[in-house]
Amino acid sequence: MTGGGGGIDAESPPRRRPLTVLPLIALIFYDVSGGPFGIEDSVRAGGGALLPLLGFLILPVLWSLPEALITAELASAFPTNAGYVAWVSAAFGPTAAFLVGFTKWASGTLDNALYPVLFLDYLRSGGLALPGPLRSLAVLALTAALTYLNYRGLHLVGLSALFLTAFSLSPFVALTALAIPKIRPSRWLAVNPKAIDPRGYFNSMFWNLNYWDKASTLAGEVDEPRKTFPKAVFGAVGLVVGAYLIPLLAGTGALPSETSAEWTDGFFSEVGQRIGGPWLRVWIQAAAAMSNMGLFEAEMSSDSFQLLGMAEMGMIPAIFARRSRHGTPTYSILCSAAGVVVLSFMSFQEIIEFLNFLYGLGMLAVFAAFVKLRFKDPDLPRPYRIPLGSKGAAAMCVPPVALIATVMCLATARTFVVSGAVAAAGVAMYFGLEHLKTTGWVEFLAPVPSDSFHGSSSSADDDNDVEDVRAVLLGADNVPAAEEEVPTTTSKAE
């Protein structure tokens, strides 16, 4: 590592408290879900209860589970804050990895721009409406306050996420109990083909079930990541599916099927009003507002630690790897917060479609990297390994890739243009940063040698390339004994 790039002064080392299983489950839950808030539109776009219920039963198996399994396997093999950037680097090289990192960071920042706005929207539905200028100031103030919490430490964010998870889901326990006597199972079969909006339906389902890989950028902050990460991922899968299906079954089963057109964002508060009364409506609104805080915190943590990991790989300037006295990446957090502020004035639907498209592009590269690493180096030490052979693992990726292709095909022309512009900006930024490395004007950490990232004609050389990347990313002290027997040729410069 080149001098002064990653860390703070030796006299005041950062206090880094590793994440354990429960806080990590809560952070993954908020990376992906945050509760049933936002799934209401799937009922309207699906023309009734049947399609969203089938979607939340089938798509977690076809989409969420494969993505979660891949995250568990590769995060245990590469327990570094670079996360999916490291996976793509090992498979396809630094150029592809940088573009994936850039597009997924842009997607995450777009996603995070939603939450301060949604927080204020839920307050408005509860009767606390702010005029235009004051609302803009409130968005800035809320972003600043939540950014400061991220700065104070990931452990604190994880504990906050645990509390917010319990609070956000609590009103739906009451909602479900009160709805049981009113449920008519026949309402779950309702569907109006003329009312189906395919673009809205698939975008809603995709948005509510993605971002499982985001947690991989926290792997370097996890206590015993090779054991903890798989446990947390599988725990979060069950929590997310239950948090969607149970309230949806209760609400659609208790209300007449004719109300399907009313199911738009925020409608669960009205469901609470009709089933339990004003007290349950207010409780759900408060839970929704607090859930948006948890979503912001989890996304901000993932985005900022991704930038830290990319800086540690020498892809972006070393300043992004510097940690505060709380162990958090100060400049990475500030960069992500600035992006949130700039993008927070876009409309909800614009943000959803843009981020889905950008996220889909990145995930196609992640699935390809997973398959290539399975064939390229099947003996790579993976503390958790999906119990499928290489061909079975490749077949597992077919349904989620098909879903990504469906969402992309349904995108508007404007989304294609904006996404193309983002990709072009990523290419320009990559070559611009490569030029800066030759000038010496900006400090970078010692990068992974380029010949360690691309394939060669020899399978043995391919294996060595992957291990070279692991050795550089993890450092000699973190490589387990089983891996020490694999020859490596590079190490991270000190």
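Student: What makes a pair of cysteines a disulfide?

Tutor: The definition asks for two cysteine sulfur atoms within 2.5 Å. In general, a disulfide is a covalent bond between the sulfur atoms of two cysteines. The search of this structure returned zero disulfides.

Student: What kind of model is this?

Tutor: A predicted one: local features need pLDDT of at least 70, side-chain atom pairs count only at pLDDT 80 or more, and totals for chains, interfaces and linings use all residues. Residues are numbered from 1 along each chain as its sequence is written, and side-chain values use heavy atoms, leaving out hydrogens and water.

Student: Why is Lys 214 called buried?

Tutor: Its relative accessible area is 0%, so Lys 214 is buried. Lys 214 sits in the loop between α8 and α9.

Student: What does the side chain of Lys 214 make a polar contact with?

Tutor: The side chain of Asp 303, at 2.6 Å. A polar contact is a pair of N or O atoms within 3.5 Å; within protein, one must be able to donate a hydrogen and the other to accept it, and residues adjacent in sequence count only if both atoms are side-chain atoms. The side chain of Lys 214 also reaches the backbone oxygen of Lys 104, at 3.3 Å.

Student: Where is Ser 216, and why is Ser 216 called buried?

Tutor: Ser 216 is in the loop between α8 (198-209) and α9 (225-254). Its relative accessible area is 1%, so Ser 216 is buried. A polar atom of its side chain lies 2.6 Å from the backbone oxygen of Asp 213. The side chain of Ser 216 also reaches the backbone nitrogen of Tyr 84, at 3.4 Å.

Student: Which residues does Ser 216 touch?

Tutor: Contact means heavy atoms within 4.5 Å. Leaving out residues up to four places away in sequence, the partners of Ser 216 include Thr 71, Tyr 84, Trp 87 and Phe 229.

Student: What makes a stretch a helix?

Tutor: Helices (H or I, at least four residues) and strands (E, at least two) are DSSP runs, numbered from the N terminus. This protein has 18 helices and zero strands. In α10 (residues 267-275), the buried residues include Phe 267, Val 271 and Ile 275. The buried residues of α10 pack against α2 (40-45), α7 (154-179), α9 and α11 (278-312).

Student: What makes a set of residues a nonpolar core?

Tutor: The members are buried Ala, Val, Leu, Ile, Met, Phe, Trp, Tyr and Cys residues, joined through side-chain atoms within 4.5 Å. The largest core here has 143 residues, and Ile 28, Trp 63 and Ile 316 touch the most other members. Among the contacts of Ile 316 are Phe 98, Leu 433 and Phe 444.

Methods. Buried means under 20% relative accessible area, exposed over 50%, partly exposed in between (1.4 Å probe, protein chains only).
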